[in-house]
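This briefing covers the nonpolar core and the aromatic rings of one structure. Look at the sequence and the model first, then read the points below.

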Amino acid sequence: MGPLFYFIRASLPLFALADYGLRGCLQVSLVDLANNKSLRFRQGLALPFGSLSLPESSSSGTAKIMNRLSNVDFSAIENGGKIIKVDIPSFDTNKGLRGALILSSPPEAEIMASIGANHKNTAEFFYSQRQPSLIVEGVMRYGDRDIVFMKDEAFGVFNWGRGL
């Protein structure tokens, strides 16, 4: 099985989970556009070789990272939706990041698909699907601050891909 990439991006937090075979990574970022500030938690995952059990489809499955540094759960739910649950106590020097976001697909939403070639090795390629107009609802607790996402004000992008 080739590497699998699972990425979710909402209006303020960014989430990425990747399994490239020999290496993998979990990355969670908070971007504060009002104060021009960005914070990032990055955890390298040595030799995952598919052990992250990332979903084979963008519309079903679950991907979880549970260890002493982080607890992150990406899950597909009915009607093309996604739920992200996060608990990273050490985020930003132990301020912590914890919460859950639900990403739902509006009725008229489309999925874009693309295929890209690896220019260094023409036998390798990357396939991705993007849902660019997801509605986001939920709360993320950062330190002593609640970041609230309301469905009329918050939007997200879901990017799922596989490569060989």
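Y127 has a relative accessibility of 25%, so Y127 counts as partly exposed (buried means under 20% relative accessible area, exposed over 50%, partly exposed in between, with a 1.4 Å probe and protein chains only). The model is predicted: local features need pLDDT of at least 70, side-chain atom pairs count only at pLDDT 80 or more, and totals for chains, interfaces and linings use all residues. Residues are numbered from 1 along each chain as its sequence is written, and side-chain values use heavy atoms, with hydrogens and water left out.

**Aromatic pairs**

- The structure holds 3 aromatic pairs (rings of Phe, Tyr and Trp, the last by its six-membered ring, with centres within 6.5 Å; planes under 30 degrees apart are stacked, over 60 edge-to-face, the rest tilted).
- One of them joins F91 and Y142, edge-to-face, at 6.0 Å centre to centre and 85 degrees between the planes.
- F91 lies in helix α1 (residues 91–94) and Y142 in strand β10, so this pair ties together parts 51 residues apart in sequence (helices, H or I, at least four residues, and strands, E, at least two, are DSSP runs numbered from the N terminus).
- F91 is buried at 1% relative accessibility, and Y142 is buried at 10%.
- The rings of Y127 and W160 are edge-to-face, because their centres are 6.3 Å apart and their planes stand at 80 degrees.
- Y127 is in strand β10 and W160 in strand β12 (residues 155–163), 33 residues apart.
- W160 is buried, with a relative accessible area of 4%.

**Nonpolar core**

- The largest nonpolar core has 30 residues, and F91 and M140 are among those with the most contacts inside it (such a core is a set of buried Ala, Val, Leu, Ile, Met, Phe, Trp, Tyr and Cys residues joined through side-chain atoms within 4.5 Å).
- Strand β10 (residues 125–142) gives the largest share of this core, 4 residues.
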